[in-house]
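Let us walk through this model from its sheet to its cores and then to its charged pairs.

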Amino acid sequence: MTYSRAGEAAERASGRPGADGGSAPETARETAREAAWDALVATARRTVTDGLVVGTSGNVSVRVGDTVLVTPSGVPYDRLAPEDITGVDLDGRQVLGTLVPTSELPMHLAVYRATDAGAVVHTHAVHATAVSLLVPELPPVHYMTAALGGPVRVAPYATYGTDELARAMLDALTDRTGCLLKNHGTITYGTSLDQAYDRTAQLEWMCRLWLTASSVPGRSPSLLTEEQLAEVADRLREYGQRS
């Protein structure tokens, strides 16, 4: 039997089985998951290319409906293929794939449960991690601090992959979209992979800026006030192209 494009569209809309025997809604879900997985792998590889992680350190996740796709534990990102898709539900039960999910799954799931995040990026960026060793909060040296909700806090140290670390991270993320993890790295989230990644990159850049400025002998970096950050936050709400 042959199917016209119009017939295929009608079947997709009605949910009736298509030529492959699967229902249109399920086919659409699979297509969405496959596209999200491809984007996740590309983002994970970018963290290596941009020097935010080394080897298999760090991890990335994206939410598709009630499923969270995550990078698997200990697998180099350049080896990930479409058939390696790894996903869990919001309770952490594996629903896709056979590879073990990232060891930092508790952090990722904690973010999704507590926020409207669509994606999460965790890195071991050098400058950000260095800042986490020195101060309890990244000083507001640049107006992009406002893009993360305000001065970025440092979550107390806890062993990686533990619920203790996830709880400490959530406290540091209160009213923020990113935080530093003491002696560990960074975590940011956004509505999309692109936004979550951009916030990670901005955070690492601001940490590098503060470390550079504060290293000048006899000088202290100029910091922005709460009022100045609030003004920027208002302007950022209208930043970018209108849809």
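What follows takes the sheet, the cores and the salt bridges in turn.

This is a predicted model, where local features need pLDDT of at least 70, side-chain atom pairs count only at pLDDT 80 or more, and totals for chains, interfaces and linings use all residues. Residues are numbered from 1 along each chain as its sequence is written, and side-chain values use heavy atoms, with hydrogens and water left out.

Start with the sheet. It is open, has eight strands and runs in the order S4-S3-S2-S1-S5-S8-S7-S6, with mixed pairing. Strands here are DSSP runs of E, at least two residues long, and helices are runs of H or I, at least four, numbered from the N terminus. Two strands pair if DSSP finds at least two bridges between them. Strands S4 (94-96) and S6 (154-155) stand at the edges; each has a single partner strand, so one side of each lacks a neighbour in the sheet. S2 and S3 (residues 87-89) run antiparallel and are joined by three bridges. There, Leu 69 stands opposite Gly 87 of S3.

Now look across the sheet. Helix H6 (residues 193-214) lies across S1 (59-64), S5 (119-123), S7 and S8. It runs at about 145° to S8. Such angles run from 0 to 180 degrees between N-to-C directions, with axes fitted to C-alpha atoms, for helices over the stretch in contact. Contact means heavy atoms within 4.5 Å.

Next, the interior. A nonpolar core joins buried Ala, Val, Leu, Ile, Met, Phe, Trp, Tyr and Cys residues through side-chain atoms within 4.5 Å. Buried means under 20% relative accessible area, exposed over 50%, and partly exposed in between (1.4 Å probe, protein chains only). The largest core has 23 residues; Met 107, Val 111, Met 169, Cys 179, Leu 181 and Ile 187 have the most contacts inside it. Two or more residues each come from S2 (67-70), H3 (105-114), H5 (163-172), S7 (178-181) and S8 (185-190). H3 gives the largest share, six residues. Apart from this core lies another, of 19 residues, including Trp 37 and Ile 85.

Last, the charges. Seven salt bridges are counted, each a side-chain nitrogen of Lys or Arg within 4 Å of a carboxyl oxygen of Asp or Glu. Asp 89 and Arg 93 form one, with closest N and O atoms 3.0 Å apart. Asp 89 is buried at 14%. Arg 63 pairs with Asp 66 at 3.6 Å. Here Arg 63 is partly exposed at 28%, while Asp 66 is exposed at 58%. Glu 26, Arg 29 and Arg 33 are linked in a network of salt bridges.
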